[in-house]
Amino acid sequence: MSYDSGKDVFTRGCLQVYTGNGKGKTTAAIGLAVRALGAGMKVFFGQFVKRGEYSEIAILKNLENMVLRQYGEEGFVMGKPGASDVEAASRGVRDAADALAGGNFGLVVLDEVNVAYALGMISLPELLTVAASRRDGTELVMTGRGAPPGLIEAADLVTEMREVKHYFKAGLKARKGIES
Ligand code: ATP
Ligand code: MG
């Protein structure tokens, strides 16, 4: 996909995608948000699909220059998303487009947005429209398993967290402070 502004992609800010089955996508995005805040940038951090007091929320929501929003129902969506799940995801898409078009944020993170796509809550054209709406100097990060090829093509950076080994398979569920 090409951008119509004719501007060099590096003037525009980059699109980064963290995908794959291994651990580290959300934590990488949180790490980047902390780094950006440390540099005095304003950060919009939107979490799709899930809602709840993840430990990162407890700390991030109190930071200056941080706007944090959740666009999921309680817990993860299981099976086919309901109307309220889809409506929440659409709200996230609108807020993200506004945050990107406003030009106030140095970094916009859309955590698990790829999962919202994979579950059929957001379309590929919507994802690409959001990506294309960012202004100069705004970096955009999209995370989650199942990033579609069309998004990967549009991205400037794609990192796949590949599971080599994961304790989840040995029965160790998400732990507070480590996964949640
Ligand atoms: P993190 O938030 O720790 O950076 P992530 O964002 O890369 O992880 P997600 O795909 O969002 O990972 O999955 C989150 C949850 O799914 C975890 O809490 C974990 O318990 C569970 N899970 C199940 N299988 C896996 C796997 N193979 N890799 C990672 N997480 C898994
Ligand atoms: Mg994640």
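**Figure 1. Surroundings of Q47 in the predicted model**. Leaving aside residues up to four places away in sequence, Q47 touches T26, Y54, E56, I57, R69, Q70, Y71, G72 and D111, where contact means heavy atoms within 4.5 Å. Q47 lies in strand β2 (residues 43-49); helices (H or I, at least four residues) and strands (E, at least two) are DSSP runs, numbered from the N terminus.

**Figure 2. Polar contacts of the Q47 side chain**. The Q47 side chain makes polar contacts with the side chain of D111 at 3.0 Å and with that of E56 at 3.4 Å; such a contact is a pair of N or O atoms within 3.5 Å, and within protein one must be able to donate a hydrogen and the other to accept it, while residues adjacent in sequence count only if both atoms are side-chain atoms. With a relative accessible area of 0%, Q47 is buried (buried, under 20%; exposed, over 50%; partly exposed, in between; 1.4 Å probe, protein chains only).

**Figure 3. G31 in helix α2**. G31 counts as partly exposed, at 37% relative accessibility, and its C-alpha atom is separated by 14 Å from that of E179, 148 residues apart along the chain.

**Notes.** Residues are numbered from 1 along each chain as its sequence is written, and chains are lettered from A and ligands numbered from 1 in the order in which they are written. In this predicted model, local features need pLDDT of at least 70 and side-chain atom pairs count only at pLDDT 80 or more, whereas totals for chains, interfaces and linings use all residues, and side-chain values use heavy atoms, with hydrogens and water left out.
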